[in-house]
Amino acid sequence: MANINWDKLGFDAYETNTVILSHYKDGKWSPIRRSDEFSFTFDPFAAVFHYATSCFEGMKAFRQKNGRACIFRPEENAKRMQRTADYLGLPAPTKEMFIKMSEECVKANIEFLPPYGHHASMYIRPLLIGMRPQMQLIPPTECVFAVMCAPAGSYYGENLSSFSAVIARNYDRAAPQGSGSYKVGANYPCSFKPYKMAHEQGYTEILYLNSATKQYIDEYGSSNFFAIKGNTYVTPLSDSVLPSITNKSLQQVAMDFGMTVEKRKVPVEELAEFDEAAACGTAVVITPMSHIDDKPTIEGKEVTKVYKFFQDGKVGPVCSKLYKTITGIQFGELPDTHGWCYMLPEGI
Ligand code: PLP
Ligand code: COI
């Protein structure tokens, strides 16, 4: 077992033992191999450096209460990577290959899987990149599919506490009919600068609106948006948001609670009518918002509207119940009635 303070883990890159790899060349994937060097060597003209031919996935492995290890819904991530790869014109790993390599990654780095009881997990990062040296604007014919992992705690530093967000009116995350619903690497760096400014002003997250009209909520820079209104779970229906596997799971959990789920356009002003609002995703799990500020520009001082929810780190009852249920299933504390936990063999 690695010498790690499991209670103090954040969410960051981490050098573990091994990366699991396969190369795509001449129309086929190579046999899976382990790289214990923890580095890649690429041609300087590799497509990924010049044309951002890169997409990735994010999943978590858990050590459950009964000692077994599991990965949460890897089939869904495999399908989403295939959809993204198709969008980028890249060859996609098969579902079987994706799951096998993810499982191999957990096994090869098992000493970094946090023990049960620390509210920590192992974040698994499958990455697909174009590596063929090229200048032409054509899909790369040579790729690497690599699966790496890192022990992970809470993305924002604390589990189930409330944080704040600012609406990005003068920045867009995704163009209409653009890449927003795909997990392409290039979707993320456009939010680095606004994130820096937002963090300097004390906000944790950025909430993006639909870029065409700025009337409706799309999603956060790192995660999906959902809100609670009475007995209803509301989440945006938009072609520009990533189809979150956590959100999909929470919608099912909400229905299991007897709640109504509404997937529809969410006007910004409706924030005033919600009892609770939160971010959800693999990294952020459920992160409730204490308040969301609407500003004409992130740079400026003017705040046009403040939407308040639960203050001082407090969390609403529905977010709390959803969080306990989803993490309860992941850690094997509650029955996995929907078959979401992909169990690794006993003894791992
Ligand atoms: N939205 C964005 C932009 C993301 O990067 C993520 C993280 O993967 C999500 C939403 C949440 O998706 P998931 O729940 O599948 O991790
Ligand atoms: C995840 O939740 O898996 C993510 O990829 C979020 C990350 C971009 C911060």
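What distance separates the centres of domain 1 and domain 2, taken over C-alpha atoms? In this predicted model, the separation is 26 Å. The chain is divided into domain 1 (6-152) and domain 2 (163-323), with bounds from an automatic or database domain assignment. To their contact, domain 1 brings 18 residues and domain 2 brings ten residues; two residues are in contact if their C-beta atoms, placed from the backbone, lie within 7 Å.

On the side of domain 1 that touches domain 2, the elements giving two or more residues are listed below. Helices (H or I, at least four residues) and strands (E, at least two) are DSSP runs, numbered from the N terminus.

| Element | Residues |
|---|---|
| Strand S4 | 54-56 |
| Strand S5 | 59-63 |
| Helix H2 | 74-88 |

Helix H2 supplies the largest share of that side, seven residues.

Within domain 2 (163-323), Ile167 is placed in strand S9 (residues 163-168). Ile167 is buried because 25 other C-beta atoms lie within 10 Å, where buried requires 20 or more such atoms, with C-beta atoms placed from the backbone. Leaving aside residues up to four places away in sequence, Ile167 touches Leu207, Leu209, Val268, Ile292, Asp293, Asp294 and Lys295. Ile167 and Arg264 are 97 residues apart in sequence and 19 Å apart in space, C-alpha to C-alpha.

Residues are numbered from 1 along each chain as its sequence is written, and chains are lettered from A and ligands numbered from 1 in the order in which they are written. Local features need pLDDT of at least 70 and side-chain atom pairs count only at pLDDT 80 or more, whereas totals for chains, interfaces and linings use all residues.

Notes:
A residue is buried if 20 or more other C-beta atoms lie within 10 Å of its own, exposed if 12 or fewer, and partly exposed in between; C-beta atoms are placed from the backbone.
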